[in-house]
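Please work through the following exercises with the sequence and the model in view, trying each task before reading its solution.

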Amino acid sequence: MIKNGRIVDGTGSAWFRGSIGIVGGEISEISRKPDPDFTGDVEINTEESIIAPGFIDTHSHSDLQLFQDPTLAPKIKQGITTEILGQDGFSMAPMYREGGAEEWKTQLSALAGDVAVDWSWGSIPDYFSAVRDNGIAPNVGMLVGHGTARFNVLGMDDRTPSESELEEMQDLVTEALEDGALGFSTGLIYTPATYASTEEVAALAKCLAPYGRPFIAHIRSEGRWIWEALDEFIDIGAEYDIPLHLSHFKLAGTQQHGRTTDAVKQLETARKRGVDIVAEQYPYDSGSTMLSAVLPPWVHSQGPNELIAQLGEAEIRERMRRDIEEWRIEGWENFAGLAGWDNVHVTSAPETPEQEGLSIAEIATQEEQPAIDVACDLLIENELSVSMRVKILAENDVREILSHELVAIGTDGLFGGEPHPRVYGSYPRILGHYVRDENLLTLEEAIRKMTALPARAMGIDGKGVLKPGMDADVVVFDPEVVSSSASYENPRQYPQGISHVFVNGEAVVAESDVTKNKPGEVIVS
């Protein structure tokens, strides 16, 4: 029994005082009486704290990290009780390509982490079995990745698939949906998905139509070509009548700053056309991804081992430098050109940890060499396992997007090194900074963006709202205290004010401490 709290049920409705009963893994009853008719073997007096549904991270990169730390402490201590994996076109299954697991793990080491794991699975059910056998604190659901399907069939080749190869990719997506994947994701700035035409993306996305599952996209550009990228995404949803979810909605680079209203109107207009589209956002002005994303697409096309070999060649480095500085590749999301090397900071480099926290420009000055050489040397020395933080956003744009009714919350957090603070602080930052301190959102609306909205977007029944019969994923926090001290300079800081977190009726955080319990379940469609 969780009693004497202010219940924010996730629907956006006003809070009310009450108590919640939990039996097994479900909410058994909710009472507004000062002295409820039920009792509990365990009773927690919240003393006017907020009782809310567990938060749903719509953009997680914990796919391999969960094997190393099944508690996922930085996430559950924020109140996150469900994570959606397989983002940006990168799912860990299906993986049927001979030798593919090791190559895929190297390719994604900066995104998914360089985790020691016995990758013995092939199918999505095999991956789910490995997760269950290992145990996990939060719940997890999974998307099937465009890049994964393409890699299985074409490897890292930069070419158009034949008709039979495209059908094979479609079969992989359909198999994954039959096996329980919650939807289909793509990451059109990342290789190998960036090599895909609109026709290829549409052919794979339309596999979702019979299932009513969502298409989640890191669109082809969030900067110079964002308008064309949004059109491509929305048109696919309209043509095949499939739900759309826009990953980490943002306007990147000074050229687009201040144009948020125009971007939001594209989403609103799409809904008027009958397109079921929503989005998500993390509440910071910097992004974070793998450092190899600063390199032009052509250099990735022969796989990670050949990429590492090519990065040592002076001719290749000079060609890449010119592509970056002169914007010679139409449509390519050129991070270094967009932000400048002084705004590209190393967050994780396992073999050269002394460079974590520094910008590429700072390292270049220290070592008296060009920035492109610094980036290439880092990637070689760390065998691609380097992640970065890149400042490309404007705070006013972040605020405008965050306040829009169609926008849910996700962390997009990468573990390791000195990570982006969103790994530790996204949800408490919103509740403390943007709700309590800035009054940008009401508490009820912020909770809806963290619970009911993402549950609806991902098609997850039984979660996201507090009412009898729903899963007992519950967060208790003090609205006057909740906050995050995680910063770019000191990111590994746990939040304040979140006292209890329950997953399927079992405490994973109690009195602000991680319990080591692993009640999480795999969510299948």
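The exercises below concern salt bridges and the places of their partners.

This is a predicted model, in which local features need pLDDT of at least 70 and side-chain atom pairs count only at pLDDT 80 or more, while totals for chains, interfaces and linings use all residues. Residues are numbered from 1 along each chain as its sequence is written, and side-chain values use heavy atoms, with hydrogens and water left out.

**Exercise 1.** Find how many salt bridges the model has.

Solution. A salt bridge is a side-chain nitrogen of Lys or Arg within 4 Å of a carboxyl oxygen of Asp or Glu. Applying this rule gives a count of 28 salt bridges.

**Exercise 2.** Determine where E43 and K3, partners in a salt bridge, lie in the chain.

Solution. Begin with the contact, in which N and O are 3.1 Å apart. Finally, E43 is partly exposed at 37% relative accessibility, and K3 is partly exposed at 22%, where buried means under 20% relative accessible area, exposed over 50%, and partly exposed in between (1.4 Å probe, protein chains only).

**Exercise 3.** Decide whether R448, which pairs with E445, is buried or exposed.

Solution. The salt bridge between E445 and R448 has an N to O distance of 2.8 Å. Both residues lie in helix α18 (residues 443-450), 3 residues apart, which is about one turn of the helix. With 16% relative accessibility, R448 counts as buried.

Note on methods: Helices (H or I, at least four residues) and strands (E, at least two) are DSSP runs, numbered from the N terminus.
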